[in-house]
Amino acid sequence: MILRVPDYYEEFSCIASQCKDSCCAGWEIDIDEESYAYYRSCADSFGERLRDSMYIAEDGGYRFKLKGHKRCAMLNDDNLCDLYTALGEEALCEVCTEYPRFSLFYGDVQQKALSLSCEEVGRILFSREEKVHFVDHKMPDYYEDGEAAEEDAEEDRDYIDFLEWAQNEGIAILQNRDLSIPDRMCAFLFWFEEVQKVTNRYQAHEDREILEEWRRQKSGERARTVPSHKRILSYTDFQERFLIFEEMEELDTEWIHSKQEFRELYSEESYERILTEYLESADYSEIWDEQLLVYFVSRYFMNAAYDYDAISYAKLVIVATLVIRDMDAARFRRNHGTFALFDRIDIARIFSKEVEHSEGNAEELKEMCMMEEIASVEALYRQI
């Protein structure tokens, strides 16, 4: 089994009480069955407190109760975890041990990364100017829960190899600093349009040689083709793009405030002007956008191993980046014409908390990217 992580993965270390946005507040905290049984067995007064701090949810899962401002019952006034202090790190439940790490499994690969919902992850990623690359570690052939990793008969190793290659080529396009970010994004979409055509042919003919032949033909051509496009910063496109985010389940007050800011700030008359001011300012950073785009690729793209829908995940990468760009421009205006590293980290955090930590919200975003009338490749070309 291969564990694949970004090269900055080992740099992360929780900053605990120094964090301005504690991961122990603002959302429900699930407890795995093994931890729940252990907590119920704890003796003394702390064990009693633990049992009083948990409940069984309507879906049958276990969770910690929340107190004021949706703070975990174990979070003290110094923003430190009393459970950690009393019982040690090994006593933390699975979600607390893993966060902000997340995993995507496909074939014999566990692709693991760090979520931008954590401000310290944002600081690590956006403080670097180097291109992100990914590191493979050979692991024992079992998943983290100890179960044997058996080969899924429905998984196609040839297609997974093809997708991994396509993902690497897509990342190389996004990291080609000889091109502007708009040109990279267009080339990226163009690349995955072609990848999807080959995928469709492969599915239709059940001919694995199609994949290998196309790889041979396209070797070294990844960033040479940039479709001609004219950027049109249309308020109508913004409205359609943001419609799905209007309808998402609201998980956090910061997201609600962001949407309200959009309603008050953007209009047919103001949208293009405000966005142009931000994109032409000295504070706009193409490197930050590059890191964000590569992050979204590693976060979502290899899900195409399961549904053969490479182009929708490629569009998702672009749409998510465009929405964050809209949030950036609004913050730039609120800051009276400035945009700093703190703002980059903060906006990525707000977006990630809302979209990436809700299966329903993430699925809505994917479904929107499947709808040609809202997120066609042609429409995205002009918005970039």
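I began with helix H9 (residues 235–247), where phenylalanine 242 and phenylalanine 245 are 3 residues apart, so about one helical turn separates them. Helices here are DSSP runs of H or I with at least four residues, strands are E runs of at least two, and both are numbered from the N terminus. The model is predicted: local features need pLDDT of at least 70, side-chain atom pairs count only at pLDDT 80 or more, and totals for chains, interfaces and linings use all residues. Residues are numbered from 1 along each chain as its sequence is written, and side-chain values use heavy atoms, leaving out hydrogens and water.

**Rings**

Phenylalanine 242 and phenylalanine 245 are both buried. Buried means under 20% relative accessible area, exposed over 50%, partly exposed in between, with a 1.4 Å probe and protein chains only.

I then listed ring pairs. Rings of Phe, Tyr and Trp (its six-membered ring) pair if their centres lie within 6.5 Å; planes under 30 degrees apart are stacked, over 60 edge-to-face, the rest tilted. I got 35 aromatic pairs by this rule. Phenylalanine 242 and phenylalanine 245 count as stacked, because their ring centres are 5.8 Å apart and their planes lie at 20°.

Next came charges over rings (NZ of Lys or CZ of Arg within 6 Å of the ring centre and within 35 degrees of the ring normal). Arginine 299 puts its charged end over the ring of phenylalanine 102, 3.9 Å from the centre.

**Cores**

I looked up nonpolar cores: buried Ala, Val, Leu, Ile, Met, Phe, Trp, Tyr and Cys residues joined through side-chain atoms within 4.5 Å. The largest has 101 residues; those touching the most other members include Phe188, Phe245 and Phe351. Helix H14 (residues 310–334) gives the most to this core, 16 residues. Another core, of 18 residues, lies apart from it and includes Tyr39 and Leu92.

**Backbone**

Most residues other than glycine have a negative phi, and most peptide bonds are trans.

- The peptide bond from tyrosine 99 to proline 100 is cis, with omega near 5°. Proline 100 is in the loop between helix H4 (94–98) and strand E7 (101–106).
- Aspartate 44, not a glycine, has a positive phi of about 65°. Aspartate 44 is in helix H2 (residues 44–52) and is exposed, at 67% relative accessible area.
- Asparagine 79 has a positive phi near 60°. Asparagine 79 is partly exposed, at 22%.
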